[in-house]
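Hi there,

Here is the structure I promised to pass on to you. Have a look at it first, and then read on for what turned up in it.

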Amino acid sequence: NDRKSTSYEHLFKYIMVGDSAVGKSNLLLQFVDKRFAPNSDFTIGVEFGSRSININDKQIKLQIWDTAGQEKFRSITRAYYRGAVCAMIVYDITRRDSFESLNSWLTDCRKFSSCDVTTVLIGNKADLEANRQVSTSEAKEFAEKNGLMFFETSAKTALNVDEAFEKSTEQILKKLE
Ligand code: GDP
Ligand code: MG
């Protein structure tokens, strides 16, 4: 039944932000396509992908907007917070500078998205443990202080990728109850 496969109870818009090269596009690729691109190109402006998931017997369609991290695209990115029910702020656990940028991404998020947006902190590239520059406990503390959900993921091995989308969707559904 074609109608069944295309129907859904909710359509949730997600936005992925964070510094360039932290793995936003690959997280999207892994979640939507179960693929990893070792040499992916810079995202120009904004791209999007979608996938439906089933939570508590409900079909939820996630429409995920993937933005470019570079400063020159920042004003374009800002326009995409509107209508988003979830913002994923991504850093790279092997790059301290991408963690230091989080406050600036949070500021944008608070300014340009709606007030009840679910915000998720993602420490990506968890497969590169030997090169880690940000400890799990430090990131967890930052997340707690700022009221963010927190996951360490790997877009390469798929560690926690589905979980981050599923748990955040559950949280959004709870807010709707
Ligand atoms: P974006 O600019 O934030 O969209 O980052 P990309 O998704 O384009 O990824 C930047 C680079 O990091 C690419 O070479 C990816 O293959 C690599 N990469 C992304 N995620 C991971 C990951 O979880 N583990 C590893 N080892 N590399 C990753
Ligand atoms: Mg990208």
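The chain holds 7 helices and 6 strands; helices (H or I, at least four residues) and strands (E, at least two) are DSSP runs, numbered from the N terminus. Starting at the N terminus, the order of elements is α-β-α-β-β-α-β-α-α-β-α-β-α.

Before the details, a word on conventions. This is a predicted model, in which local features need pLDDT of at least 70 and side-chain atom pairs count only at pLDDT 80 or more, while totals for chains, interfaces and linings use all residues. Residues are numbered from 1 along each chain as its sequence is written, and chains are lettered from A and ligands numbered from 1 in the order in which they are written.

**Overall form**

The C-alpha trace spans about 50 × 35 × 30 Å along its principal axes.

Buried residues make up 39% of the 177 residues. Here a residue is buried if 20 or more other C-beta atoms lie within 10 Å of its own, exposed if 12 or fewer, and partly exposed in between, with C-beta atoms placed from the backbone. Of the contacts with a separation of 6 or more, 71% are between residues 24 or more positions apart; two residues are in contact if their C-beta atoms, placed from the backbone, lie within 7 Å.

**The strands in the middle of the story**

Strand 1 pairs with two partners, and two strands pair if DSSP finds at least two bridges between them. It runs parallel to strand 3, with 7 bridges, and parallel to strand 4, with 4 bridges. L11 has K61 as its bridge partner in strand 3. On the strand 4 side, Y14 stands opposite C86 and V17 is bridged to I89.

All 7 of its 7 residues are buried. In a regular strand the side chains alternate between the two faces of the sheet. In strand 4 both faces are covered, with C86, M88, V90 and D92 buried on one side and A87, I89 and Y91 on the other.

Y91, in strand 4, is buried because 27 other C-beta atoms lie within 10 Å. Leaving out residues up to four places away in sequence, Y91 touches G18, D19, V22, S98, F99, L102 and G123.

**The nonpolar core**

The largest nonpolar core has 43 residues, and Y14, M16, C86, A87 and I89 have the most contacts inside it. Such a core is a set of buried Ala, Val, Leu, Ile, Met, Phe, Trp, Tyr and Cys residues joined through C-beta atoms within 7 Å. At least two residues each come from several elements, including strand 1 (10-17), strand 3 (58-67), strand 4 (86-92), helix 5 (102-112) and helix 7 (161-176). Strand 4 gives the largest share, 6 residues. Y14 touches L62, Q63, I64, W65, A84, C86 and M88, again not counting residues up to four places away in sequence.

Helix 2 is largely enclosed by the rest of the structure, because 7 of its 10 residues are buried. These are K24, S25, N26, L27, L28, Q30 and F31. The buried residues of helix 2 pack against strand 1, strand 2 (46-55), strand 3, strand 4, strand 5 and helix 7. Just after helix 2, K34 takes a positive phi of about 50 degrees.

Which residues come nearest to ligand 1? Of the 20 around it, they are G23, K24, S25, N26 and A155, where a residue counts as near if its C-beta atom, placed from the backbone, lies within 6 Å. Helix 2 (residues 24-33) supplies the largest share of this shell, 3 residues. By class, the shell has 6 nonpolar, 10 polar and 4 charged residues. Ala, Val, Leu, Ile, Met, Phe, Trp, Tyr, Cys and Pro count as nonpolar, Asp, Glu, Lys and Arg as charged, and the others, Gly among them, as polar.

Best wishes
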